Amino acid sequence: MILVTGVTGVVGRQVAHLLARTGPVRVLARRPERVTVTGPNVEVCAGEYADRPGLDRALNGVRAAFLVTNTATEPDDERFAAAAREAGVRHLVKLSMLAVGEPGADDFITRRQRENERAVRESGLDWTFLRARTFMSNTLSWAPAIRSDGVVRALYGTSPVACVDPRDIAEVAVRALTRPGHEGRAYALSGPEAITARQQTARLSEVLGRSLRFEELGLEAAREQLLRKYPRPVADAFLESAERQRAGAKAQVVPTVREVTGRPARPFRIWAADHAEAFGRSQG
């Protein structure tokens, strides 16, 4: 049995979906009614990281688990790793972030993920870290403004990032969960190109078949938006990360997706075409 967490997120959902094609998979969900991965091979277990009895039930009989951190402000990974060790789990595959291995990154979220990785590493279990660059799916936050008035508003429109398709991360995760030889590896995962927000806007315009306008979002406006959604340490971390991106720290392309899966990482234009309906393209 393999346990998947984070199944209401873009990566965990895809990991569970891929695993369910070939064998049994158990998913841990705080709100089971929100789980969209279904089928005869899928077992949904209600629980959360702070719920030790729920964790114990979910981990019973599990060989390997896919771990997604739920929040940067709670010791999720420490709780999960301790419960997994006592349950006899042998291998944890953890979704992490590429900044963890970059000395210049010292924001709150990156520091917490370093601590999370350390907790998993020190648990005594076999581990694999998937250190992913920015998800292409983050651009879904632009969808309401694109649908309503054809505008993308973002901070630092000319700063490049080698963003990665969550489906590629999921495929690497499934390889690590189901095949030997990935233990003790920290995989850096990026897309095949460094692309700016302005270029992403142009790709979306092509896919949607309509003109889109990019508007540079000022720093204070970006800060206000983030503070409406996140605690200040998290909002500040996103802004620090944006400054690193503007300095070129997120532009490096790495070939890991191809090396692990045998096929190249998907470019943003493919991701955009596959998700065009979310931005307002008619399915007809």
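Trainee: Before we get going, what counts as a pocket, and which residues count as its lining?
Mentor: A pocket is an open set of grid points with protein on both sides within 12 Å along at least five of seven lines, and lining residues have an atom within 4 Å of a point. Keep in mind that this is a predicted model.

Trainee: Got it. Which residues line the second largest pocket?
Mentor: Its lining is made of Val10, Arg13, Gln14, Ser137, Leu140, Asp165, Pro166, Arg167, Trp271 and His275. Helix H1 (10–20) and helix H6 (166–178) are the elements that each give two or more residues to it.

Trainee: Which element gives the largest share of that lining?
Mentor: H1 does, with 3 residues.

Trainee: And how many of the lining residues are nonpolar, polar or charged?
Mentor: The lining of the second largest pocket has 4 nonpolar, 3 polar and 3 charged residues. The space in this pocket comes to about 160 Å³.

Trainee: Switching to the inside, how many residues are in the largest nonpolar core?
Mentor: That core has 35 residues, and Val4, Val15, Phe66 and Leu130 have the most contacts inside it. H6 turns up again here, giving the most to this core with 7 residues. In soluble globular proteins, nonpolar side chains tend to be buried together.

Trainee: What does Leu130 touch, then?
Mentor: Leaving out residues up to four places away in sequence, its contacts include Phe66, Val93, Leu95, Met97, Ile169 and Tyr187.

Trainee: Do S4 and S5 run parallel or antiparallel?
Mentor: Parallel: strand S4 (residues 64–67) is joined to S5 by 4 bridges.

Trainee: New topic: where is Ser123, and is it buried or exposed?
Mentor: Ser123 sits in the loop between helix H4 (108–121) and strand S6 (126–132). Its relative accessible area is 6%, and buried means under 20%, so Ser123 counts as buried. Apart from residues up to four places away in sequence, Ser123 touches Ala81 and Arg85.

Trainee: Last one. What is Val151 in contact with?
Mentor: Beyond its neighbours within four places in sequence, Val151 contacts Ala145, Ile146, Arg213 and Glu215. Val151 belongs to strand S7 (residues 151–154) and is buried, with a relative accessible area of 0%.

Conventions
Residues numbered from 1 in each chain as written. Predicted model: local features only at pLDDT ≥ 70, side-chain atom pairs only at ≥ 80, totals over all residues. Heavy atoms only, no water. 1 Å grid on protein atoms, 1.4 Å probe; cavity = no way out; pocket = protein on both sides within 12 Å on 5 of 7 lines; lining within 4 Å. Points joined across faces, edges and corners; volume = space filled by probe spheres on them. Nonpolar A, V, L, I, M, F, W, Y, C, P; charged D, E, K, R; others polar. Core = buried A, V, L, I, M, F, W, Y, C linked by side-chain atoms within 4.5 Å. Buried < 20%, exposed > 50% of the residue type's maximum accessible area, 1.4 Å probe, protein only. Contact = heavy atoms within 4.5 Å. Pairing = 2+ DSSP bridges.
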